[in-house]
Structures are given as C-alpha cells and as structure tokens.
Amino acid sequence: MEEVHRPQPQVIEEGILVEGEAIKKAPRITPVPTGVEGLDNLFYSTEIKDGQVVKKPLGGIPSLSVFNITGSSDTGKTLLVEQFTIKQASLGKRVAFITVETPATFVSLSLRERATAMGIEFSQIEDNIVLIDAASYSSLRENIPNLLATLAHVIKNYQVKFTIVDSVTGLYEHREMMARIVVRQLFNFMKKWYQTALFVSQKRSGHEELTAEAAGGYAVGHIVDGSMVLAKELIMSPYQAKTFGKAIGDIVRLFRIDGCRMSGHDTRTFYMEITDTGLVRITEPLLPLEKKKK
Ligand SMILES: Nc1ncnc2c1ncn2[C@@H]1O[C@H](COP(=O)(O)OP(=O)(O)OP(=O)(O)O)[C@@H](O)[C@H]1O
Ligand SMILES: [Mg+2]
C-alpha cells in the first residue's frame, strides 16, 4: 500500500510563553463605568489585605472585556448599550456603534434622548460616537470581512477604544449555524484591537429566560468574556404575584450577570427598572420569601 505523506509535526515556538514573561506583556485591566445605575459595583476585584482575601467593588466592567448583553425583545438591551455609549463619550472616549437593525439616523435620535435623560449635553459629546450603519448597508451586514475592515478603519482613524454591536444576531439571521463562527471572528477582532466591547444578542422567548444559554441560538456565551441577561416577566399566577410582591398583570424586570471571566461579580438576580425617561437601572437583589416578610 502506498504510504500517506504527512508533514512532520513542528514545534511552534511563538506559541510558548513562560507565565513570568506573559504577565509582563499583559495589558492592565481598569474599571469602565457603564452609565447604568446599580451595575458598576456588581463587579469586583480581590486583593490580599493582612493575610485575608478581600473583595473590592470594581466600579465598572473590566476594561478590554467583551460582554454579551442578552434577553428577549423589549428587555432593555438597546437602552443599556446606549447608556454605556453616552457615558463613555461623556468621559471623552471614542465609541464605535455598529447598528445592525435600526438605521444610524434613528439610532442617533435615540442616543440623543439617552444623553438628555442622563443629564448630558449631547452637542458636547456627539463627535465621540462613530456610527457604522450595517442596517442600511447589506455590504456590511452580510459580509463580515467588510464589516471588520470598516471597523478597523474607524478604530484607527478615530482612536476608538469601545465597540458596541446591536445586535450580533442580525449578522447571522437566516444562518444560525454560523452564529459561533461570526461571534468568534468578532471576539478575536476585539481582542486584537484592544476594544472593550458589548455585543447585544437576542434570545427567543422560548429560551430559558435568565441564563445566557442558547442566546442567539448557539451558545454565544461560551465565546465572550461574560454575559449580562435581561428578562421581563409578566405576572400571571398568584404564585408569581406572591414571589415578586406584585399584582397579576404587572411586569417585573430582572437582571443578572451570567458569568465573567475577567473579574469577580455578584451572582445574584436583581430587579431592574426602565425609568419613564428610558433609562435602565438595577435596583435590589431578589430575596428569598422568608427574608422578604421580615
Ligand atoms: N425613551 C423611552 N422612554 C421610556 N421607555 C422607553 C424608552 N425607550 C424604550 N423604552 C422602554 O424600554 C423597553 C426596552 O427597550 P429596548 O429598545 O432597550 O429593548 P431591546 O431589549 O433592545 O429589544 P429588541 O430585542 O426588540 O431590540 C421598551 O419596550 C420600552 O418599554
Ligand atoms: Mg434593541
């Protein structure tokens, strides 16, 4: 029988790093405030103080992390990433906002509304936000290499440090088997370009509400550094009414951080509100029934 010719396996020297060297090259992780009330202190760092390990609130999401913001329709995902955008822009940082579903002109109106609600003068910060309109241009939406080349161009020309994608789901509509590949490409790109990024992904209502599981169909949560899950419950049973201390027909909004590999975080489920002016805020944690009665 003819022998199959296989190249000799090679040692890839560049792929080997001694930890002592790797840590010297590692970027510094700093807190990035989100502009969402109640969120920044749900992340923490740990340090050793007098021989004890202590938790310290971080005051933001860890820089250079890529988060998946997931939930079904109307749960506040867009509001949350808009608030983040306004907050960073108000701190003088440049943000690239890739809009996949809503044309950029409409997003700009919404961003202006968010700024006003946050008490920030939009005209002072508007040039810190660069919109990439993948909703209007299928040559961006349906061609990931074009999208990433355009984003690289924007990052270089505007010194962008933050990237928002609303939503990644729109980039693999009708081809959900591509979800992981698309998200992996975007994730690797954000790491290469040192971006702190928020990827919105949509959950179908059939998916389990408060986990990132199956968000976007194919476990986007495994690829990114962390997930935030937003949920909306309609109170329809006396049991639910009792659990949440609400009336039948009320809506309860919930929020949780479903994992973050870049820092410690609160693992509880929280109540969330959307204010009259359209701002997301995280309020108190859900308490067990016995504690609530006290
Ligand atoms: N300007 C506003 N003022 C008050 N409430 C608002 C405002 N904008 C949005 N909302 C409320 O917040 C809800 C969530 O809006 P948002 O657009 O963030 O949802 P989403 O999770 O992005 O949904 P989708 O997956 O459909 O894009 C809306 O359904 C609405 O009830
Ligand atoms: Mg949205």
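1. Helix α2 (residues 77–90) is the top contributor to the shell around ligand 1, giving 3 residues. Helices here are DSSP runs of H or I with at least four residues, strands are E runs of at least two, and both are numbered from the N terminus. Please keep in mind that this is a predicted model: local features need pLDDT of at least 70, side-chain atom pairs count only at pLDDT 80 or more, and totals for chains, interfaces and linings use all residues. Residues are numbered from 1 along each chain as its sequence is written, while chains are lettered from A and ligands numbered from 1 in the order in which they are written.

2. Staying with ligand 1, 14 residues lie around it, and Asp74, Lys77, Thr78, Leu79 and Gly278 come nearest. A residue is near if its C-beta atom, placed from the backbone, lies within 6 Å of the molecule. By type, the shell holds 2 nonpolar, 8 polar and 4 charged residues. Here Ala, Val, Leu, Ile, Met, Phe, Trp, Tyr, Cys and Pro count as nonpolar, Asp, Glu, Lys and Arg as charged, and the others, Gly among them, as polar.

3. Gly278 also sits in the turn of the β13–β14 hairpin, with a positive phi of about 85°; the two strands have 5 residues between them. Strands β13 (residues 269–274) and β14 (residues 280–285) run antiparallel, joined by 4 bridges. Glu273 has Arg281 in β14 as its bridge partner.

4. Strands count as paired if DSSP finds at least two bridges between them.

5. Now for helix α6 (residues 144–158), where Leu147, Leu151 and Ile155 are buried (20 or more other C-beta atoms within 10 Å of their own; exposed means 12 or fewer, partly exposed in between, with C-beta atoms placed from the backbone). Its buried residues fall within an arc of 70° seen down the axis, so they line one face of α6. This arc is that of the directions from the helix axis to the C-beta atoms. The face turned away from the buried side carries exposed Pro145, Ala149, His153, Lys156 and Asn157.

6. Helix α3 (residues 104–117) is worth a look too. Val107, Leu111, Arg114 and Ala115 are buried in α3. They cover an arc of only 100° around the axis, which puts them on the same side of α3. Exposed Thr105, Phe106 and Leu109 are on the face turned away from that buried side.

Methods: The expected span of a helix is 1.5 Å times one less than its number of residues.
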